[in-house]
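I opened my notebook for a look through a new structure. Here is what I looked up, entry by entry.

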There are 2 protein chains.
Amino acid sequence: MGALKHVLVGKPIPSHQAHHERYTRSSGLAILSSDALSSVAYATEEILRTLLIAGTASLWLVTPIGCVIAGLMLVIAFSYRQTIRAYPGGGGAYRVARENIGTTAGLIAAAALLLDYVLTVAVSIAAGVAAITSAFPAWHVNTVELSLGFLVLIAIGNMRGIRESARIFSVPTYFFLGSMGVLLVVGMFKVLTGQIAPIESASAVFVPSETASLTIFLVLRAFANGCTALTGIEAISDGVPAFKPPEAKNAATTLLIMAGCAVVMFMGVTLLADAFHVVPRQDETVISQLNRAILGGRGPLYYMVQAATTMILVLAANTAFSDFPRLASIIARDKFLPRQLANQGDRLAFSNGILILSFLSGVLLVAFGGDTHALIPLYMLGVFVSFTLSQAGMVVKWRRERKRGWRVGAYVSGLGATLTLIVLFVVAITKFREGAWIIIVLIPILVAHFTSIHRHYDKVAEQLSLKGLAVSEKKHNTVIVPIGGVHRAVVQALEYARTLSDDVRAIYVDVDPHATQEIRDTWQHWGKGIRLEILASPFRSVMEPLLEYIELTNDERPGDFITVLLPEFVPARWWHHLLHNQRALLIKGALLFRRNIVVTSVPYHLHE
Amino acid sequence: MGALKHVLVGKPIPSHQAHHERYTRSSGLAILSSDALSSVAYATEEILRTLLIAGTASLWLVTPIGCVIAGLMLVIAFSYRQTIRAYPGGGGAYRVARENIGTTAGLIAAAALLLDYVLTVAVSIAAGVAAITSAFPAWHVNTVELSLGFLVLIAIGNMRGIRESARIFSVPTYFFLGSMGVLLVVGMFKVLTGQIAPIESASAVFVPSETASLTIFLVLRAFANGCTALTGIEAISDGVPAFKPPEAKNAATTLLIMAGCAVVMFMGVTLLADAFHVVPRQDETVISQLNRAILGGRGPLYYMVQAATTMILVLAANTAFSDFPRLASIIARDKFLPRQLANQGDRLAFSNGILILSFLSGVLLVAFGGDTHALIPLYMLGVFVSFTLSQAGMVVKWRRERKRGWRVGAYVSGLGATLTLIVLFVVAITKFREGAWIIIVLIPILVAHFTSIHRHYDKVAEQLSLKGLAVSEKKHNTVIVPIGGVHRAVVQALEYARTLSDDVRAIYVDVDPHATQEIRDTWQHWGKGIRLEILASPFRSVMEPLLEYIELTNDERPGDFITVLLPEFVPARWWHHLLHNQRALLIKGALLFRRNIVVTSVPYHLHE
């Protein structure tokens with residue numbers, strides 16, 4: 001076990017080395033920005049797919065919609081920059097909303113974010129696999145298997161801890177930035193020099209399941225889908241304490257760099273898609289089409305860009321793998337989640353959270369067949385709930401504290417909050433039927449769970465409180481050893497019993513007078529002076545007289561302890577359990593709910 | 001739990017009343033003969049269905065085949081009468097074969113019989129349901145549900161114990177004997193007075209899945225299928241000790257009465273089927289057709305006979321419910337099956353065996369869609385293996401003991417053994433592909449299991465033997481209480497610890513200096529003079545320093561005991577378990593395989 005664990009998750013790290021694990025700006029950008037950057041790979045396509053419902057003639061709208069989204073992104077980035085500075089200890093939406101608006105607001109933000117992390121993993125992996133199957137159409141049939149394979153890889157990578165994560169994930173992020181840079185520059189050059197040819201594809205043009213004329217509602221739907229480009233901006237504000245000191249400053253700078261990259265790439269892809277008249281296709285992504293058109297078909301450069309896209313997408317899931325367990329542990333420390341999620345384990349990475357996240361995203365990937373477009377409608381709702389609550393919380397904070405420059409700060413946060421609230425409504429309304437309702441239902445359910453867990457821990461703390469408890473006298477302990485014969489396991493249990501108390505009683509239930517006499521005889525030698533009680537059993541039941549005896553003994557000394565010692569075999573093979581210890585199990589079950597009775601198994605080790 | 005158990009299985013019976021539960025001849029006949037008698041309901045039909053493969057012209061062969069089977073039945077009955085007298089303590093094939101031929105022969109017989117009991121339950125219930133659906137064709141779609149319903153009813157009836165069984169099952173057995181009597185007498189009267197009319201039916205004529213000409217092989221197949229009539233004869237010889245004294249005499253007489261009834265009814269139905277030119281049909285049984293033809297269509301008499309047939313068939317399963325648990329307990333007492341099957345429980349009925357039997361037959365009924373004809377090929381192999389081994393064992397016994405009249409005895413047993421061996425080969429060969437192979441595969445697998453269980457118990461007994469063990473001195477017990485804070489559950493555990501030993505150490509792992517100082521402070525008041533050990537944890541792991549400490553303590557005093565006391569919550573609701581006790585579970589798991597270390601949970605009861 002220990003060896004396997006070390007291979008899978010690496011060696012433990014001593015506490016005094018913990019700060020070496022912190023992010024620099026560049027490693028922080030690599031780890032925390034993959035979510036935000038990678039949405040470039042599918043956001044434009046989601047807009048185009050929606051516009052296609054009104055026919056190819058309406059695809060030009062992708063550019064104005066893209067501009068609005070890019071503007072929104074910048075507002076949110078500046079708003080979150082303020083949050084980072086105000087909360088150098090980590091300013092997740094949960095904390096900001098809880099401190100400034102109230103506990104319920106905080107829990108709503110927490111629920112929204114946790115759901116969102118699960119979706120980030122599922123959507124990013126699905127889109128990463130789509131980039132692969134665009135390059136290798138024959139693999140299309142294995143979409144789900146490929147997705148689950150990547151999921152397992154990422155989960156193991158994260159189990160190994162933060163520093164290895166940075167090492168693994170820096171390469172692909174910068175590789176993606178570089179590849180996209182090449183694509184955009186060459187693309188712009190071709191546009192400016194007028195080298196635009198129509199794009200052929202082996203894949204059929206995507207056929208929406210409905211057709212409609214171009215209405216405001218449809219434009220809003222397209223906009224809502226495009227807003228996937230905004231996801232991931234909050235990742236850095238959650239991860240501030242993981243940066244090297246000065247944490248807040250490094251994190252804020254990283255955030256602005258990231259937003260800049262995201263805006264440039266998203267607008268670049270959107271403008272090029274418009275310029276090259278890209279039409280969404282069934283089995284080939286928009287990026288893959290653009291890539292072929294710009295870099296001259298399926299050559300080495302084409303495969304390089306596709307590989308970089310896959311890598312950044314599959315690794316984008318890593319943002320969630322850094323943040324989900326961290327957020328869960330913060331919530332758990334506040335007693336709104338089970339306390340084992342608060343546990344850092346011995347490897348800094350929070351293994352319980354990682355396991356839960358992997359499991360849930362795996363379920364989503366299987367349930368939705370690894371299809372990005374089917375997952376998208378569930379996606380953004382959570383992000384925008386947390387965006388809105390976090391920025392609204394900041395407005396409250398600015399107004400309450402009235403620090404220098406509070407008016408400008410409150411204005412920026414307020415603008416952000418208002419815009420994201422509007423987007424939230426647009427998303428909820430336009431995508432309700434496609435899956436957003438699931439999130440709308442789940443958030444209050446999760447909040448109710450958080451609250452009930454908190455209530456439970458409060459009640460337990462109350463029951464455990466030492467207030468009013470008096471220091472008591474030393475109590476008496478009656479040790480009862482039920483025996484079914486005299487053999488090595490029983491002799492060992494009796495030896496143990498003698499160390500516990502001077503009041504030890506071996507209990508034998510008489511179901512066969514012959515066997516009983518045999519026990520009495522053996523007892524002369526092996527009983528070691530311990531009292532042997534023979535209980536009559538008119539119904540040949542072994543359990544009932546025994547339980548009755550224990551009950552009576554308990555009644556005799558109400559405040560004192562009773563210890564029931566059960567000689568129990570530890571078999572050499574697991575299936576041997578089926579052949580032993582049935583009675584011990586029954587006795588344990590029967591005594592589980594009695595006060596002052598402690599049931600102890602004295603293990604006897606069988607070696608074959 | 002207790003109340004529910006009493007409603008389902010009745011009140012316990014004191015030992016001194018046990019002999020009141022014994023069978024009289026008439027109650028023994030009712031309980032143990034239903035299997036043998038009830039096969040009348042389907043044996044003739046199985047012969048006809050096979051003959052139909054060669055066309056309706058060959059159906060007349062049912063009479064000669066029936067005669068051979070009836071003769072065989074009488075030989076086996078007389079042979080088993082001898083077994084009962086030789087084994088008044090219960091002469092099942094297992095015991096007879098084991099004592100006279102060898103352990104492996106005994107185990108083969110045991111495996112064969114156990115499988116056969118399971119099939120008796122499945123076949124009888126399936127045929128009983130067929131009798132119902134013949135009367136009410138609309139219920140045909142619910143065959144499996146009806147079968148499982150009856151199975152549950154019988155299982156509960158048997159859980160309630162032997163006397164109630166006799167009371168419940170006497171009525172239908174005698175009702176069936178009476179109803180069949182009426183049918184046969186009226187039928188013979190009609191035949192003798194020449195009132196034979198062709199039988200119309202709403203159900204289509206049965207179409208075999210193959211056609212063939214009439215070969216010796218086909219006649220043998222028909223014979224093999226008809227031999228289902230022979231199943232159940234051995235039931236009484238297994239159940240001898242359940243009879244009132246003189247057990248052997250009562251049982252032997254009951255056996256002859258049973259064989260007489262079975263022969264008369266089987267031959268009666270066979271001759272009538274021949275005389276009335278009955279053709280097997282898809283959805284109506286042969287008995288139902290005869291019944292309509294003889295008793296004048298679907299009138300009250302018709303429904304009476306169908307009801308009686310259903311009842312005897314469904315209750316025939318009861319033979320197996322009496323004998324399966326009894327045989328299993330005999331085998332278990334010989335240590336070839338897990339010892340919990342040897343346990344009589346507190347209700348004489350052997351509840352474990354009943355549960356296993358019900359489960360396995362339920363699986364068969366579902367797997368074979370509750371279809372009698374599909375189950376038949378699996379059926380007889382087991383019976384004939386045990387017939388052959390049991391009678392061969394008797395031959396050996398006669399020759400060895402040479403008691404008065406041993407030559408005649410050996411001749412009868414030898415004739416029986418030879419005939420059943422021949423039938424065994426006929427069944428195995430003609431029905432191999434239809435399902436008999438399953439039994440041929442399962443018997444050696446079961447025998448191998450029996451042997452490996454026996455070997456395990458032998459090894460355990462060797463390891464537990466007191467031979468060579470010296471009486472030891474009183475040992476030392478170091479009590480270790482890992483604590484994560486100081487609260488009521490911990491205070492209770494410390495109180496308990498103080499009763500166990502003078503060497504108690506509370507262990508706290510330091511992961512946060514602030515919290516550690518708090519513990520030290522609280523310890524002044526609540527520690528009660530118990531030594532508090534603070535362990536350093538460079539890796540922030542709580543488990544590792546703790547386990548290391550336990551290991552070191554164990555090394556210091558190699559022969560002595562260590563008790564690890566874990567304060568553990570007993571929550572008010574089951575799901576609260578998810579919120580607590582994770583660490584206790586981990587510690588228990590880690591220490592499970594260490595010698596001389598006893599891990600004890602001190603339960604603290606939460607009330608909400």
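**Cysteines**

I began with A:Cys227, which is buried, its relative accessible area being 0%. I reminded myself that the model is predicted. Next I checked B:Cys261, which counts as partly exposed because its relative accessibility is 22% and buried means under 20%. How many disulfides does the rule count over all chains? I found that the count comes to zero.

**Chain A as a whole**

I then stepped back to look at chain A, which has 22 helices and five strands. The chain holds 608 residues, and buried residues make up 57% of them. Among contacts with a separation of 6 or more, 81% are between residues 24 or more positions apart.

**Where the two chains meet**

I turned to the interface next. The size of an interface is often given as the accessible area lost when the parts come together. For chain A and chain B, about 7,000 Å² is buried between them, and 57% of that is on carbon and sulfur atoms. On the chain A side 79 residues are in contact, and they meet 79 residues of chain B.

The largest share comes from α19(A), with nine residues. By residue type, I wrote down 36 nonpolar, 25 polar and 18 charged residues for the side of chain A that touches chain B.

**Salt bridges between the chains**

The rule finds two salt bridges across the interface of chain A and chain B. I looked up B:Glu495 and A:Lys475, whose side chains meet in a salt bridge at 3.2 Å, N to O. I also looked up B:Lys475 and A:Glu495, where the salt bridge is 3.1 Å, N to O. B:Lys475 sits in the loop between α18 (432-464) and β1 (477-482) of chain B, while A:Glu495 is in helix α19 of chain A, so this pair joins two chains.

**Salt bridges within chain A**

Over all chains, the rule counts 30 salt bridges. I picked out A:Glu401 and A:Lys397, whose closest N and O atoms are 3.0 Å apart. Why are A:Glu401 and A:Lys397 separated by about one helical turn? They are four residues apart in helix α16 (residues 372-401) of chain A, which means about one helical turn lies between them. I noted A:Glu401 as partly exposed, at 32% relative accessibility, and A:Lys397 as buried, at 11%.

My next pair was A:Asp503 and A:Arg505, joined by a salt bridge of 3.0 Å, N to O. Both A:Asp503 and A:Arg505 are buried. I placed A:Asp503 in the loop between α19 and β2 (504-510) of chain A. Its relative accessibility is 14%, so A:Asp503 counts as buried, the cut-off being under 20%. Leaving out residues up to four places away in sequence, A:Asp503 touches A:His476, A:Asn477, A:Thr478, A:Val479 and A:Arg531.

I finished with a spot inside chain B. B:Ser390 is in helix α16 (residues 372-401) of chain B, and it is buried with a relative accessible area of 0%. Not counting residues up to four places away in sequence, B:Ser390 touches B:Tyr80, B:Ala93 and B:Val96.

I followed B:Ala93, which is found in helix α6 (residues 93-100) of chain B. B:Ala93 counts as buried, at 3% relative accessibility. Beyond its neighbours within four places in sequence, the contacts of B:Ala93 are B:Arg98, B:Ala109, B:Leu113, B:Asp238, B:Ser386 and B:Ser390. How far apart are B:Ala93 and B:Gly393 in sequence and in space? I wrote down 300 residues in sequence and 8.4 Å in space, C-alpha to C-alpha.

How values were computed:
Residues numbered from 1 in each chain as written. Chains lettered and ligands numbered in written order. Predicted model: local features only at pLDDT ≥ 70, side-chain atom pairs only at ≥ 80, totals over all residues. Heavy atoms only, no water. Contact = heavy atoms within 4.5 Å. Buried area = accessible area lost by both parts, 1.4 Å probe. Salt bridge = Lys/Arg side-chain N within 4 Å of Asp/Glu carboxyl O. Nonpolar A, V, L, I, M, F, W, Y, C, P; charged D, E, K, R; others polar. Disulfide = S-S within 2.5 Å. Buried < 20%, exposed > 50% of the residue type's maximum accessible area, 1.4 Å probe, protein only.
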